[in-house]
Amino acid sequence: ATPQFSSLPRTEKVALMALCVLTLVALVGATCASSVSHVSIRLGDRAPITYEVSPDAAPHRPPPTRQYPALAPAYPTPPPTRYTTAAPTPSRIAYTPPALTYPTPTTPDTPIYPPPITPARATYPPPTTPAPATYPLPTNPAPATYPPPITPAPSTYAPTTSQEPTTYASPPTTKASIYHPQPYYQPRPAYHPKPVYRPAPSYNPAPSYHPAPSYKHPEPAVPACADLTNSTWCLEDEAYPEYEIKHAIQYHLDKFNSLYADVAELDAELSVERPNTLEEETYLCPSETSYIRPLRAQNTDGKWRVIVNNINVHYKTFTQTTRVEECLTAGDDCPKVPVCYESKCLQKSIYHRFLVYDSYDQYFPFAIETFKLPASCACLLGAYTIDH
């Protein structure tokens, strides 16, 4: 009536095996206390497990009874017996695990895409070349024919001796000529010729050299500052191109500095105006000395030029100063020379160089030119004459 062991649940199997172990322990103990020599355990339908137990080899034998020689007879000690335990035949519990069933994996179907549609190639009609336009040939009307002019016959005059007034035959009237308008000709249609493409030259053309600047200035021959004077220089000028000179100096600063250094070596401040220590020394002709900075002056070719003066560029002032001495009585007799000598006050000049500005020079508007300025007043003596 015992249920099959293999069909029991796992927990019940464990509990049953623990109970069997406890029962085995109890039986072994009871066997040791008694004279049982065999213990057989049966689990279900399995083969029984038999243990042979020897009373002397029991692990839990009770202590031997104390023998008292007076009270108990002496029994021979039995030889020690060894118990042999039959090796249990291990029996394995057949445990058949339940078969695990897994669902069959399903492979997703590969998506089916429609085949690509290649668009049809567009077809274009072949290009048509338009026929060239045909224009009718111009028709020239026949030239108009005019009747030949009618020349009247010359009138004949018969001389008369009477005093009657001479009568002249009136000229015959001619038929007025008919006016024919000038024929109208239609202009020919304009045909556009095909463009002519010239290939690029395979050689390097020669560089074109700019022509030399011309000095034909449209300015007046005499500037406005010298209109009312006979001087060949101007110390004041309302039309002085100061802004243009500053801009030109900044643009050509290096070349301008080289020219200005050449002119600046002429230091006029070292000149002596008049002696002040020798009071008995006098000049034969009176004169006036001054230091000037001209803005315009007339060069040796008779042309007026703009002189660079009083120009501030890059915290530097560019000036050009010169010393002039003018005779007050040029052409007159020397006042300190006796009358018996022929004498005359003569104005002497010196050639001075100035740095000038030419606004019409497109490449480098600065240059150094020569100017003739009064330098001293001399007395020219002639031969000695005695008048009686």
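**Exercise 1.** In what order do the elements of the protein chain run from the N terminus on?

*Solution.* Start with the assignment: helices (H or I, at least four residues) and strands (E, at least two) are DSSP runs, numbered from the N terminus. The chain has three helices and 11 strands. Their order is α-β-β-β-α-α-β-β-β-β-β-β-β-β.

The model is predicted: local features need pLDDT of at least 70, side-chain atom pairs count only at pLDDT 80 or more, and totals for chains, interfaces and linings use all residues. Numbering starts from 1 along each chain as its sequence is written, and side-chain values use heavy atoms, with hydrogens and water left out.

**Exercise 2.** Find which residues of helix 2 are buried and which are exposed.

*Solution.* Apply the cut-offs: buried is under 20% relative accessible area, exposed over 50% (1.4 Å probe, protein chains only). I245, A248 and I249 are buried.

**Exercise 3.** Describe the largest nonpolar core and the surroundings of V308.

*Solution.* A nonpolar core joins buried Ala, Val, Leu, Ile, Met, Phe, Trp, Tyr and Cys residues through side-chain atoms within 4.5 Å. The largest has 17 residues; among those with the most contacts inside it are I245, I249, V308 and F366. Helix 2 (242-251), helix 3 (253-264), strand 7 (311-313) and strand 10 (341-357) each give two or more residues. Next, list contacts (heavy atoms within 4.5 Å). Not counting residues up to four places away in sequence, V308 touches residues including I245, I249, F256, L355 and F366. A second, separate core of nine residues includes I292, I307, V324 and F354.
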